[in-house]
Amino acid sequence: MSPRSASVNEELRRRSKERLLQAAVELVSEHGFEATTLGDIADRAGSARGLVSYYFPGKRQLVQSAVHRLMHRTLEEALEREPRTEDGRERMARAIDAILGLARDRPVLMRQHMAGLLQAEGFVPCPEQRRLAELLRDTVARHGSRDVDSDYPMLRALLMGAVYAALVPGVPMPVPVLRAELFKRYRLDWELGVPPEAGASGRSGERDLSRFFATGTVPECDPLGRSK
């Protein structure tokens, strides 16, 4: 037996961070942002409280990173699902449906996320958000944009506005209505993507998010933490 290699240590750290991100999404979905503590997140993740502070400056940054992870993995899954396609109109439709689907299926989490963006510290850039941005920029480009640098921010703003409108307490707009407006703007046929009547809400109650956060298998270690 030998001491753990640098690659094993790195994988352990990565998996620890992944568990924290998943725990943050689950707990905020269940209890809201204010009622969720960093200690709760660490306990759910099976991590030491100090690791949370090691990876993230605070709860807001952790939750934003966690939601951006869920958003970018949800979008990625929608864009790459079978039958895979390079058609720009279909990919734009899938992107719109993926983001609106999060507002429909995870209203507590997405409402807390939108509220966080309006706080004093506002938008917190992170690697997860950059991955989300890359997917949306690629979607805009494949849709035929001649000026991605201008059209990407507009798509992002429209999606954020639609999510906000779907989640306003007391006066939410129906997701199909918001979808219709976005599809009209981007000249998409209603049958593209995942139309509401096609069962888009079938996973509304889904609780297992592990596929969005899993990073693979860690090399087996002995009780002293050394690789075998």
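Val-28 lies in helix 1 (residues 6-31), where helices (H or I, at least four residues) are DSSP runs numbered from the N terminus. At 0% relative accessibility, Val-28 counts as buried; buried means under 20% relative accessible area, exposed over 50% and partly exposed in between, with a 1.4 Å probe and protein chains only. This is a predicted model, in which local features need pLDDT of at least 70, side-chain atom pairs count only at pLDDT 80 or more, and totals for chains, interfaces and linings use all residues. Residues are numbered from 1 along each chain as its sequence is written, and side-chain values use heavy atoms, with hydrogens and water left out.

**Surroundings of Val-28**
- Not counting residues up to four places away in sequence, Val-28 touches Phe-33, Thr-36, Val-63, Val-108, Leu-109 and Gln-112; contact means heavy atoms within 4.5 Å.
- Val-28 and His-113 are 85 residues apart along the chain, and 9.5 Å separates their C-alpha atoms.

**Helix 7**
- Helix 7 has 16 residues and reaches 23 Å from its first C-alpha to its last, close to the 22 Å expected at 1.5 Å a residue; the expected span is 1.5 Å times one less than the number of residues.
- Its buried residues are Glu-128, Gln-129, Leu-132, Ala-133, Leu-135, Leu-136, Thr-139 and Val-140.
- Thr-139 is placed in helix 7 (residues 127-142) and counts as buried at 0% relative accessibility.
- Leaving aside neighbours within four places in sequence, Thr-139 is in contact with Leu-79, Arg-91, Met-92 and Ala-95.
- Just after helix 7, Gly-144 takes a positive phi of about 110°.

- In helix 9 (residues 175-185), the buried residues are Val-175, Leu-178, Arg-179, Leu-182 and Phe-183.
- Seen down the axis, the buried residues of helix 9 fall within an arc of 135°, so they line one face of the helix.
- The buried residues of helix 9 pack against helix 5 (88-105) and helix 8 (148-167), whereas the face turned away from the buried side carries the exposed residues Glu-181 and Lys-184.
- Just after helix 9, Arg-187 has a positive phi of about 55°.
- The largest nonpolar core has 61 residues, of which Ile-41, Leu-62, Leu-75, Ile-96 and Leu-188 touch the most other members; such a core is a set of buried Ala, Val, Leu, Ile, Met, Phe, Trp, Tyr and Cys residues joined through side-chain atoms within 4.5 Å.
- Residues up to four places away in sequence aside, Leu-188 touches Arg-89, Met-92, Ala-93, Ile-96, His-143 and Phe-183.

**Confidence**
- The protein averages a pLDDT of 86, and 86% of the residues score at least 70; pLDDT is the predictor's confidence in each residue, from 0 to 100.
- Confidence is lowest in helix 10 (residues 210-213), at a mean of 80, and highest in helix 9, at 97.
- Over residues 200-205 the pLDDT stays under 50, and the model has 9 contacts beyond four places in sequence for them.
- Residues 216-228 also have a pLDDT below 50, with 27 contacts in the model beyond near neighbours in sequence.
- Where pLDDT is low, the predicted coordinates should not be read in detail.

How values were computed: Helix = DSSP H or I, 4+ residues; strand = E, 2+ residues; numbered from the N terminus. Arc of directions from axis to C-beta.
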